Amino acid sequence: MSGSVLISPEELSAEMSAGGAVLIDTRAPDAYAAGHLPGAVNIHDIFTYLATSTPEGVAAMREKFAAVFGAAGLSGAETAVVYEQSMNTGFGQSCRGYVLLSYLGYPKVKILHGGFAAWAAAELPVTTDPAAPQPKAFPLSASGAGILLDLEGMKAAVADTRIAILDTRDVDEWIGDSSSPYGKDFCPRKGRIPRAVWIEWYRMMKPGAAGPMFKSRGEILAECATVGITAKTPVVLYCFKGARASNTLVALKEAGIDNVRLYFGSWNEWSRDPALPIETGFPGPAGLAAAAE
């Protein structure tokens with residue numbers, strides 16, 4: 001396998017034949033039951049889990065997913081390969097799995113590029129048999145903690161103009177028409193984190209013969225250049241709960257932007273504290289967007 005975190009269906013098939021890969025299906029249980037990669041373990045909580053970045057929230061998240069990934073058979077010796085239906089239909093859930101595993105310090109993590117759709121397009125084996133993993137002791141570590149920012153870290157990032165704050169949400173959330181993908185009024189406030197620039201997460205991908213795939217390094221850097229981000233810019237990403245932003249984090253890292261971190265609490269956390277500032281109104285030049293204290 002290459003140094004990329006992305007693995008093709010053909011590469012994964014070879015890895016599975018050699019042994020040592022644990023496959024993690026992040027889709028909903030009904031999609032998993034209808035057909036999945038042989039031996040894959042279904043962990044939909046990777047997508048559904050709503051985290052807060054308080055010390056208690058972080059501790060609960062670490063404890064939960066260390067147990068879940070250990071039950072899936074990850075001991076540190078195996079390569080974890082995470083997949084979703086396709087790169088643009090699961091709201092970044094496979095990439096959220098990559099971020100979670102990286103945060104927990106897991107040493108070997110890959111993402112199936114193109115997801116289940118690309119695997120099926122390659123006419124590789126699919127099964128409906130449920131997996132029966134052998135539980136292992138998950139090697140929880142703090143070595144990857146720097147990939148995520150907590151609330152205090154996000155406040156500091158907003159105050160540091162050297163850092164780009166990148167909003168990756170859908171357009172209705174960016175313009176303040178909706179507060180979340182779960183409904184317009186799911187969160188108490190609509191708007192944006194101050195100083196944020198916007199690249200909708202879909203823009204990091206383009207159609208391919210086997211479904212949507214990440215754009216090339218040059219194309220991703222060109223997208224970033226539209227909002228003033230270069231390969232050397234420190235970037236903090238957010239969305240609603242860290243899934244779509246995880247997709248963009250992977251894209252940026254694949255393009256060589258190394259200083260990229262994710263505010264995992266994202267808008268779901270930030271918007272619920274009325275003491276935190278937000279920008280409201282239609283985004284644009286001064287006078288169109290107002291800061292609300």
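The structure is a predicted model, in which local features need pLDDT of at least 70 and side-chain atom pairs count only at pLDDT 80 or more, while totals for chains, interfaces and linings use all residues. Residues are numbered from 1 along each chain as its sequence is written, and side-chain values use heavy atoms, with hydrogens and water left out.

Helix α4 covers residues 55–71; its angle with α5 is about 100°, and the two axes lie 10 Å apart. Axes here are lines fitted to C-alpha atoms, for helices over the stretch in contact, and angles run from 0 to 180 degrees between N-to-C directions. Helices are DSSP runs of H or I with at least four residues, and strands are runs of E with at least two. On the α4 side, V58, M61, R62, F65 and F69 meet L100, L101 and Y103 of α5, contact meaning heavy atoms within 4.5 Å.

I turn to the sheets. Five strands form an open, parallel sheet in the order β1-β5-β4-β2-β3, where pairing requires at least two DSSP bridges between two strands. Its edge strands are β1 (6–7) and β3 (41–42), each pairing on one side only. Helix α5 (residues 93–103) packs on this sheet and touches β2, β4 and β5. Strands β4 (residues 79–83) and β5 (residues 109–112) are joined by three bridges, and V82 stands opposite I111.

A further open sheet of five strands, also with parallel pairing, has the order β6-β12-β11-β7-β8. Its edges are β6 (148–149) and β8 (197–198), so one side of each has no neighbour in the sheet.

Finally, the salt bridges. How many are counted in the model? The count comes to 14, a salt bridge being a side-chain nitrogen of Lys or Arg within 4 Å of a carboxyl oxygen of Asp or Glu. R244 pairs with E173, with the closest N and O atoms 2.7 Å apart. This pair links helix α10 to helix α8 across 71 residues, and D170 joins R244 and E173 in a network of salt bridges.

Is the R244 and E173 pair buried or exposed? Both residues are buried, which means under 20% relative accessible area with a 1.4 Å probe and protein chains only, whereas exposed means over 50% and partly exposed lies in between. K215 and E223 also form a salt bridge, at 2.6 Å from N to O; K215 is buried at 18%, as is E223 at 14%.
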